[in-house]
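Okay, thanks everyone for coming. I'll take a few minutes to walk through this one, so let's get it up on the screen.

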Amino acid sequence: AERQRDRVDLPPPGVDNRITAHRLWPEIDRISTEQISAAFEGVGGEIGWQLFAEEGDMRMYRREMEVDGMVMDPLKAMHRVKGVSARELCHYFFNPRYRYDWETTLETMTIVEEVSPDAMIFHQTFKRVWPASQRDALFWSHVRAAPHHTYAVTNHSTTHVDYPANTGACIRLFVTVCLACRTTAPPGEAPTRDNITTSIAYCSTVNPGGWAPAGVLRAVYKREYPKFLKRFTQYVIDQCQDKPLAI
Ligand code: 6CM
């Protein structure tokens, strides 16, 4: 039954042209569109992107950026995985049921609101990193299909009356994340687990929201982002192994 449920709430195939009336929808739509088109732009010719992690097909770049002494380094990662589809990767990234399985920086996660079947608002607290204060985040998350076997999840900070910032022990951080995935099969062949490759573009910009030592923050990112992307992709490969391909 669990396996069956997994299948039915995969993101819908094809482009979703549904109109929603939620107050956040225009922003969700606009930022998701921007993030998805930026995600697949290369880093090669652009100035300022430095490669900081490389392992197998995974490459991670960052651009050092500080605003008022706070680290805001944009991060961009490219990866390729075989045997799992864009739709499957986005399903496991979006669906909160799996988040504790692969997200190791997480302390707590609460579903604040279900905007629609493909959009939710989450409150999360992260594990504290010495000597900085603990952080939390409140963000909407939206999964969508795009042409050419592309699926993407965009997460972006928002506000909610029930979750005011900086009232407890946590400092509120601000995040914009996009996981964009595109699946290809060899020309003329029908896609199967044995012949598909999915290209992943993961972009993240985190504003720590308050003082945090730059050196510590950069060290945390350098260690945690590669760990996240390797662990997450392996998790999806393991989860999908004995399931029919969802393309
Ligand atoms: O994208 C990732 N996860 C998503 C689902 O949880 C979501 C999360 C975004 C938050 C990213 C913030 C991470 C910062 C964690 C450490 C905070 C400590 C502050 C330290 C001060 C010195 O989009 C995967 C995120 C992987 C992060 C490494």
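So, look at helix α3, residues 86-94, and helix α5, residues 214-240: in this predicted model, the two pack at an angle of about 115°, and their axes are 10 Å apart. The crossing of α3 past α5 is right-handed.

Who's touching whom here? From α3 we have Glu 88, Leu 89, Tyr 92 and Phe 93, and they meet Phe 228, Phe 232, Thr 233, Tyr 235, Val 236, Gln 239 and Cys 240 in α5. Sort that contact by class and you get eight nonpolar residues, two polar and one charged.

Now, the core. The largest nonpolar core has 48 residues, and the ones with the most contacts inside it are Met 60, Leu 89, Phe 93, Leu 179, Tyr 202, Phe 232 and Val 236. Which helix or strand gives the most to this core? That's α5, with ten residues.

Last stop, His 160, in the loop between β9 (150-157) and β10 (171-172). Buried or exposed? His 160 has 16% relative accessibility, so it counts as buried. Again leaving out neighbours within four places in sequence, His 160 contacts Arg 23, Val 112, Glu 113 and Leu 138.

Conventions. Residues are numbered from 1 along each chain as its sequence is written. This is a predicted model: local features need pLDDT of at least 70, side-chain atom pairs count only at pLDDT 80 or more; totals for chains, interfaces and linings use all residues. Side-chain values use heavy atoms; hydrogens and water are left out. Axes are lines fitted to C-alpha atoms, for helices over the stretch in contact, and angles run from 0 to 180 degrees between N-to-C directions. Helices (H or I, at least four residues) and strands (E, at least two) are DSSP runs, numbered from the N terminus. A crossing is left-handed if the near helix is turned anticlockwise from the far one by less than a right angle, and right-handed if clockwise. Contact means heavy atoms within 4.5 Å. Ala, Val, Leu, Ile, Met, Phe, Trp, Tyr, Cys and Pro count as nonpolar, Asp, Glu, Lys and Arg as charged, and the others, Gly among them, as polar. Buried means under 20% relative accessible area, exposed over 50%, partly exposed in between (1.4 Å probe, protein chains only). A nonpolar core is a set of buried Ala, Val, Leu, Ile, Met, Phe, Trp, Tyr and Cys residues joined through side-chain atoms within 4.5 Å.
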